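User: I am new to this structure. Please show me how to read its features, one at a time.

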Amino acid sequence: MNGWLTIGLLVVSNIFMTFAWYGHLKLQQMKVLSDATPLYVVILLSWGLALFEYMFQVPANRMGYVGNGGAFSLMQLKVIQEVISITVFTLFSVLFFRGESLQWNHLAAFICLILAVYFVFK
């Protein structure tokens with residue numbers, strides 16, 4: 001159960017992370033933020049979202065780490081996080097940025113990530 005909770009927290013964390021890193025681009029595209037919006041405003045907005053990222057990321061890593069009674073080694077946690085991150089980002093880019101499309105090389109990269117998960121658990 002602890003492993004699934006860790007993965008769930010990492011998913012939520014990465015949703016906030018993706019919006020913190022790339023959401024301002026969509027807000028600019030939607031004219032919520034203008035091209036003239038000062039960079040410090042965009043940074044503060046992103047930091048505000050990143051706070052929520054950390055509120056899920058830190059507990060996920062603490063609970064999930066085998067040294068704290070969790071299910072995963074440090075390397076396993078990192079690889080899981082990276083796979084979740086790229087999956088969330090892909091869904092975000094396809095759903096929110098309609099001009100972005102998936103290519104064959106993206107599929108090849110996903111296969112490599114799945115292989116990375118396989119090998120890190122060997």
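User: Start with one residue. What does Ser-101 count as at 43% relative accessibility?

Analyst: Ser-101 counts as partly exposed. The reasoning is a matter of cut-offs: buried means under 20% relative accessible area, exposed means over 50%, and partly exposed lies in between. At 43%, Ser-101 takes the middle class. One caution before we go on: this is a predicted model.

User: Where is Ser-101 found?

Analyst: Ser-101 sits in the loop between H3 and H4. Leu-25 is 76 residues from Ser-101 along the chain. Their C-alpha atoms are separated by 17 Å.

User: Let me step back to the whole fold. How many helices and strands does the protein have?

Analyst: The protein has 4 helices and 0 strands. Reading along the sequence gives the pattern α-α-α-α. For overall extent, take the C-alpha trace. Along its principal axes this trace spans about 50 × 35 × 20 Å.

User: What percentage of the 122 residues count as buried?

Analyst: Of the 122 residues, 29% count as buried. Ala-50 is one case, because its relative accessibility is 15% and the buried class means under 20%. Ala-50 belongs to helix H2.

User: How far apart are Ala-50 and Phe-19, in sequence and in space?

Analyst: In sequence, Ala-50 and Phe-19 are 31 residues apart. In space, the figure is 8.5 Å, C-alpha to C-alpha. Keep Phe-19 in mind. Phe-19 returns as a member of a nonpolar surface patch.

User: Which residues make that nonpolar surface patch?

Analyst: The patch is made by Val-11, Ile-15, Phe-19, Leu-91, Val-94, Leu-95, Phe-96 and Leu-102. Its area is about 640 Å². To read a patch, ask which elements supply it. H1 and H3 each give at least two residues. H3 has the largest share, with 4 residues. Leu-95 is found in helix H3.

User: Now the empty space. What is the general idea behind a pocket?

Analyst: Rolling a probe the size of a water molecule over the atoms shows where empty space is left. In this model, the largest pocket holds about 290 Å³ of space. Lining it are 16 residues. Phe-89, Thr-90, Ser-93, Glu-100 and His-106 lie nearest the pocket's centre.

User: Which elements give two or more residues to the lining of the largest pocket?

Analyst: They are helix H1 (2-29), helix H3 (74-96) and helix H4 (104-120). H3 gives the most, with 6 residues. Then sort the lining by class. The largest pocket has 11 nonpolar, 4 polar and 1 charged residues in its lining.

User: How much space lies in the second largest pocket, and which residues line it?

Analyst: About 190 Å³ of space lies there. The lining is Met-17, Trp-21, Glu-53, Gln-57, Asn-61, Leu-74, Leu-77, Lys-78 and Gln-81. H1, helix H2 (39-64) and H3 each contribute two or more residues to this lining. H3 gives the most again, here with 4 residues.

User: Why are Glu-82 and Lys-78 separated by about one helical turn?

Analyst: Because they are 4 residues apart in helix H3. Glu-82 is partly exposed, at 35% relative accessible area. Lys-78 is partly exposed as well, at 44%.

Conventions
Residues numbered from 1 in each chain as written. Predicted model: local features only at pLDDT ≥ 70, side-chain atom pairs only at ≥ 80, totals over all residues. Heavy atoms only, no water. 1 Å grid on protein atoms, 1.4 Å probe; cavity = no way out; pocket = protein on both sides within 12 Å on 5 of 7 lines; lining within 4 Å. Points joined across faces, edges and corners; volume = space filled by probe spheres on them. Nonpolar A, V, L, I, M, F, W, Y, C, P; charged D, E, K, R; others polar. Patch = residues over 30% accessible without salt bridge, like charges linked within 9 Å, V, L, I, M, F, W, Y side chains within 5 Å. Areas by Shrake-Rupley, 256 points an atom, 1.4 Å probe, with all protein chains shown as cover. Salt bridge = Lys/Arg side-chain N within 4 Å of Asp/Glu carboxyl O. Buried < 20%, exposed > 50% of the residue type's maximum accessible area, 1.4 Å probe, protein only.
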